[in-house]
Amino acid sequence: MSYTKGKNKKSNFFSILTDINFEFRFKNLRYLPRWFILLLDLVIVGVAGVITYILFKGLKLHFIPIKHIAFGIAFYFAVNLFFFWIYRTYSGIIRHSSYIDALKLFFSQFSAFLVLLVLNFILIVLDKQKLYLTTGAFLNALLSFSLLFFYRIVVKQTFEKLFNGSNNEDKTNAIIYGSDANATAVANALKSEIPGRFKLIGFIDKDNQNLTKRILNLPILEIKKSIPILMRSLHVEALIIADKSLLKEEQLAIVDECIEYNLKVFTLPVVTDWDDQKEISKNIKSFEIQDLLERKPIVLDTNSISKKLKNKVVIVTGAAGSIGSEIVRQVLTFNPSKIIFLDQAETPLHSLSLEIVGMNQQIQVVNVIADVRDYEALEHIFDTYRPDVVYHAAAYKHVPMMEENPSQAIFTNVLGTKNTADLSQKYHVERFIMISTDKAVNPSSVMGASKRIAEMYVQSKHFKHKLLATERYTKFITTRFGNVLGSNGSVVPLFTKQIQEGGPITITHPEVIRYFMTIPEACQLVLEACSMGNGGEIYIFDMGKPVKIIDLAKKMIRLAGFTPDKDIKIKIVGLRPGEKLYEELLNDSARNLATHHEKITVAEEVCSEFDVISEQIDALISVARIGNNDKIVAVMKEIVPQFKSMNSVFQTLDIEIKDFYVYNK
């Protein structure tokens with residue numbers, strides 16, 4: 001238990017006990033010595049014995065014959081002490097007493113009663129006077145059990161009422177949605193929480209059943225109109241969803257209703273250990289924007305993934321990034337023999353290394369600071385570690401930044417991919433998995449176009465070397481997905497920061513729509529695509545329903561307990577250079593083919609000849625070294641005809657190209 005430092009008087013009182021070696025402090029009453037509890041139990045049993053003796057003496061009967069009273073008392077205490085030890089009645093924390101403690105006390109007293117009866121029977125057989133009055137022994141057992149259990153209840157209730165660390169006025173009034181064992185466990189956990197966060201008002205049964213019954217002396221409330229109306233009528237500010245029979249759609253409908261009225265919503269995982277109340281209360285968390293994604297859990301073919309990764313040497317480029325680091329975490333669960341974290345960012349790489357230490361000590365982890373643009377440095381790494389699988393997540397991804405620095409997009413996204421792919425083929429890597437983006441589809445920005453060029457190089461390289469290979473060849477696989485919630489620089493962390501600062505939230509355009517998935521989801525599908533790929537595919541992930549960014553912002557404001565455009569303003573700042581209103585997952589000329597995994601499809605893109613695309617990329621890199629932005633982008637548009645700049649200074653190049661074709665026609 002933990003208590004606030006403000007309870008000085010109580011602390012001073014208990015410090016006296018510390019001085020006489022009771023070895024506990026008020027802040028740590030959970031460590032009350034077991035011998036002290038055992039001693040207290042024996043005192044209670046002694047009191048019960050005295051009461052029993054006095055009661056029967058009033059009836060002119062003796063619970064224990066006078067001439068044997070010394071032996072009778074000694075044996076009485078010895079038997080109780082023995083069964084206290086057998087059932088370990090003193091091992092529980094008194095303020096957390098439960099029905100299990102009650103059962104232990106009952107069996108200890110029942111067993112002690114049986115022993116006294118057996119002793120009486122033996123004495124009768126030996127033709128001697130029995131030691132204990134049978135009725136007295138029975139009454140004593142009942143009285144002992146009642147007193148032992150009663151004092152535990154008194155202590156438990158006293159702590160809950162007086163030492164819970166906060167007054168009811170400081171707590172949030174809450175209702176638990178659910179009325180099953182899971183909901184009851186949550187309620188128990190919240191009642192025993194110190195300091196308490198919630199004052200529970202009642203439970204909600206989604207079917208409006210059992211309305212006349214009570215749980216933990218709290219009512220099961222009837223929903224007459226809607227949950228928000230019920231909550232407001234009872235002055236309740238928070239809803240804790242503990243009913244795991246709710247469908248995702250039902251849960252989302254409840255959350256949307258509540259946040260519309262600025263009511264707080266909390267959720268928690270399914271309770272597996274109902275006795276571990278501290279764990280339950282710790283897992284209760286505010287409903288987050290990730291929880292509002294209408295998505296089913298992803299089912300992975302773990303056997304297939306394990307075959308591709310177990311006992312293999314794996315390199316993850318861009319390992320310190322949000323996607324790269326999650327790939328690292330998930331790859332570790334499949335027991336590669338060695339994993340190399342490759343990134344040019346020292347501090348994030350160091351942080352990742354510290355996090356990973358201890359996760360799986362059987363796997364050798366190597367941290368390498370290097371830049372994928374440096375071919376010689378990369379070759380040294382490939383030559384040293386001879387990887388079997390490469391996850392290529394290193395990239396520049398911020399659209400406006402790359403509009404201002406197109407040469408850097410070429411050096412990292414194109415040249416970096418080319419270097420890594422070339423070395424993967426040279427050192428006979430089994431699988432090369434490139435992490436791409438939906439912004440590569442009909443690109444409107446330098447960043448998107450650079451990723452599309454990298455896709456084209458990787459795909460054409462696979463088909464070229466597949467034809468030439470006489471032995472094993474590298475399988476080059478591309479994965480393409482949209483925005484990931486919580487990744488570095490994404491809108492969710494930005495909006496969170498802006499809300500914390502009191503606003504405003506900045507939106508580029510009220511009609512902007514994006515696909516979202518969580519980082520773990522995206523990386524799970526990357527691993528699945530790696531296992532199923534035969535090479536040359538561009539895998540597209542099911543991103544769920546598209547989300548309007550302005551709706552996302554409003555939901556985040558409400559989840560934070562504020563009112564949009566009242567407490568937190570929403571400011572429209574205009575589309576950024578290279579930004580689209582909506583993203584696509586397929587090029588205009590591409591087809592979508594199904595796979596055995598419902599969330600993964602294959603984009604059947606027109607694939608250029610490797611020699612042609614390789615020559616074009618070499619020319620692009622040469623132009624990028626000169627640093628003329630217009631020339632760089634012009635060459636990119638030649639390589640990717642679908643590249644049409646939006647909200648960018650490079651839109652004039654599209655006009656010039658169009659005029660050129662019209663003139664020549």
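The structure is a predicted model, in which local features need pLDDT of at least 70, side-chain atom pairs count only at pLDDT 80 or more, and totals for chains, interfaces and linings use all residues. Residues are numbered from 1 along each chain as its sequence is written, and side-chain values use heavy atoms, with hydrogens and water left out.

The secondary structure comprises 22 helices and 22 strands, taken as DSSP runs numbered from the N terminus (helices: H or I, at least four residues; strands: E, at least two). Of the 665 residues, 50% count as buried, where buried means under 20% relative accessible area, exposed over 50%, and partly exposed in between (1.4 Å probe, protein chains only). The accessible surface, computed by the Shrake-Rupley method with a 1.4 Å probe, comes to about 32900 Å², and carbon and sulfur atoms account for 57% of this area.

Strand S18 (residues 538–541) is covered on both faces, with Ile538 and Ile540 buried on one side and Tyr539 and Phe541 buried on the other. In a regular strand the side chains alternate between the two faces of the sheet. Two strands are taken to pair if DSSP finds at least two bridges between them. By this criterion, S18 pairs with strand S13 (residues 475–481) in the parallel sense over three bridges, and Thr479 lies opposite Tyr539 of S18. S18 also pairs with strand S22 (residues 600–604), here in the antiparallel sense and over three bridges, with Ile600 of S22 as the bridge partner of Phe541.

Helix H3 (residues 69–87) has 19 residues and extends 27 Å from its first C-alpha to its last, close to the 27 Å expected at 1.5 Å a residue, the expected span being 1.5 Å times one less than the number of residues. Its buried residues are Gly72, Tyr76, Val79, Asn80, Phe83 and Phe84. Seen down the axis of H3, these residues fall within an arc of 135 degrees and therefore line one face of the helix, the arc being that of the directions from the helix axis to the C-beta atoms. On the other side of H3, Ala70, Phe71 and Trp85 are exposed. The helix is followed by Arg88, which has a positive phi near 50 degrees.

In helix H17 (residues 491–500), the residues Val492, Phe495, Gln498 and Ile499 are buried. Viewed down the axis of H17, its buried residues lie within an arc of 130 degrees, so that they line one face of the helix. Just after H17, Gly502 adopts a positive phi of about 90 degrees.
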